[in-house]
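Dear colleague,

Please find below the structure that I am handing over to you, together with its sequence. My notes on it follow directly after.

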Amino acid sequence: AAAAAVKTDLIIVSPYLVPGESEMKLIGELRQRGVRVRILTNSLASTDVPVVHVGYRRYRIPLLQMGVELYEVRPQLGQPMTKRGSIKSGSSGAFALHAKVLVFDRQRAFVGSMNFDERSLRINTELGLIIDSPPIARDIVARFDAITQPANSYRPVLQPADGVRAETLRWLGTDDGKPVQFDTEPGTDAAKRGWIDAL
């Protein structure tokens, strides 16, 4: 209900992102009203449960076609330091998302245990708080903006059809400050991609 009431801006952070039919309908309705929807999730390279990525992959292109801005966190952050400190703890090695957060119009935030997936919504017992605090919401948005920088996250985008090839998926990012583009799941090898394709 809080997401459906958003007027301008919705941010979703979910390590496991497998929206079902009703959640896709909600996002579609928000986009039709001109709401900006930005989502951060794990990349195939950073996820600790690659099989969940199989469920996410089938929603990636439909989300992009709706105009959703997707970001997939990199396992090695290129710019882990922000004005408010480090994005990750100093003891951690490879980076992966664990937080589950939604921000509604930069005014309210949901923080809890619920992923934006069918299992969390329909099967699991989950816990969360909706916090009515613009300062907290703004702090979360600032952290989101830091982690979605090209040095820290890949950005899946659609490459338009060119008459020869159909619409394809590309990932944008930076390496050493220089723009890079990937044609396959970045940071993965052929064996991992093949295993995922087989599932």
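Which residue forms a salt bridge with D175? The partner is R74, and the closest N and O atoms of the two are 2.7 Å apart. Please note that this is a predicted model. D175 belongs to strand β12, whereas R74 sits in the loop between β4 and β5 (81-82), so the pair ties together parts that are 101 residues apart in sequence. R74 is buried, with a relative accessible area of 8%, while D175 is partly exposed at 34%.

The sheet

Nine strands make up an open sheet of mixed pairing, in the order β10-β8-β7-β1-β3-β4-β11-β12-β13. Its edge strands, each pairing on one side only, are β10 (128-132) and β13 (178-182). On average, and with direction ignored, neighbouring strands of this sheet are turned by 20° against each other.

Strand β1 (residues 9-13) and strand β3 (residues 36-42) run parallel and are joined by five bridges; I11, for example, has R38 in β3 as its bridge partner. β3 also pairs with β4 in the parallel sense, again over five bridges, and here T41 stands opposite E72 in β4.

In a regular strand, side chains alternate between the two faces of the sheet. For β4, both faces are covered: E69, Y71 and V73 on one side and L70 and E72 on the other are all buried.

Helix α4 (residues 134-147) lies across β1, β3, β4, β7 (100-104), β8 (108-112), β10 and β11, and runs at about 60° to β3.

H53 is part of helix α2 and is buried, its relative accessible area being 3%. Apart from neighbours within four places in sequence, H53 is in contact with N42, S43, L44, R60 and E185.

I196 is found in helix α5 and is buried, with a relative accessible area of 0%. Not counting residues up to four places away in sequence, I196 touches L44, P50, V54 and R57.

Salt bridges

Side chains of opposite charge can pair when their charged atoms come close. In this model the count comes to 10 salt bridges. One of them joins the side chains of R38 and D9 (3.7 Å, N to O). R38 lies in strand β3 and D9 in strand β1, so the pair ties together parts that are 29 residues apart in sequence. Both R38 and D9 are buried.

Another salt bridge links the side chains of E29 and K25 at 3.9 Å, N to O. Both residues lie in helix α1 (residues 21-32), four residues apart, which is about one turn of the helix. E29 counts as partly exposed at 37% relative accessibility, and K25 counts as exposed at 55%.

A surface patch

Finally, V51, W195 and L199 form a nonpolar patch on the surface, with about 310 Å² of accessible area together. L199 lies in the segment after α5 (190-198) and is partly exposed, with a relative accessible area of 48%.

With kind regards

Notes
Residues numbered from 1 in each chain as written. Predicted model: local features only at pLDDT ≥ 70, side-chain atom pairs only at ≥ 80, totals over all residues. Heavy atoms only, no water. Patch = residues over 30% accessible without salt bridge, like charges linked within 9 Å, V, L, I, M, F, W, Y side chains within 5 Å. Areas by Shrake-Rupley, 256 points an atom, 1.4 Å probe, with all protein chains shown as cover. Salt bridge = Lys/Arg side-chain N within 4 Å of Asp/Glu carboxyl O. Helix = DSSP H or I, 4+ residues; strand = E, 2+ residues; numbered from the N terminus. Buried < 20%, exposed > 50% of the residue type's maximum accessible area, 1.4 Å probe, protein only. Pairing = 2+ DSSP bridges. Axes fitted to C-alpha atoms, helices over the stretch in contact; angles between N-to-C directions. Contact = heavy atoms within 4.5 Å.
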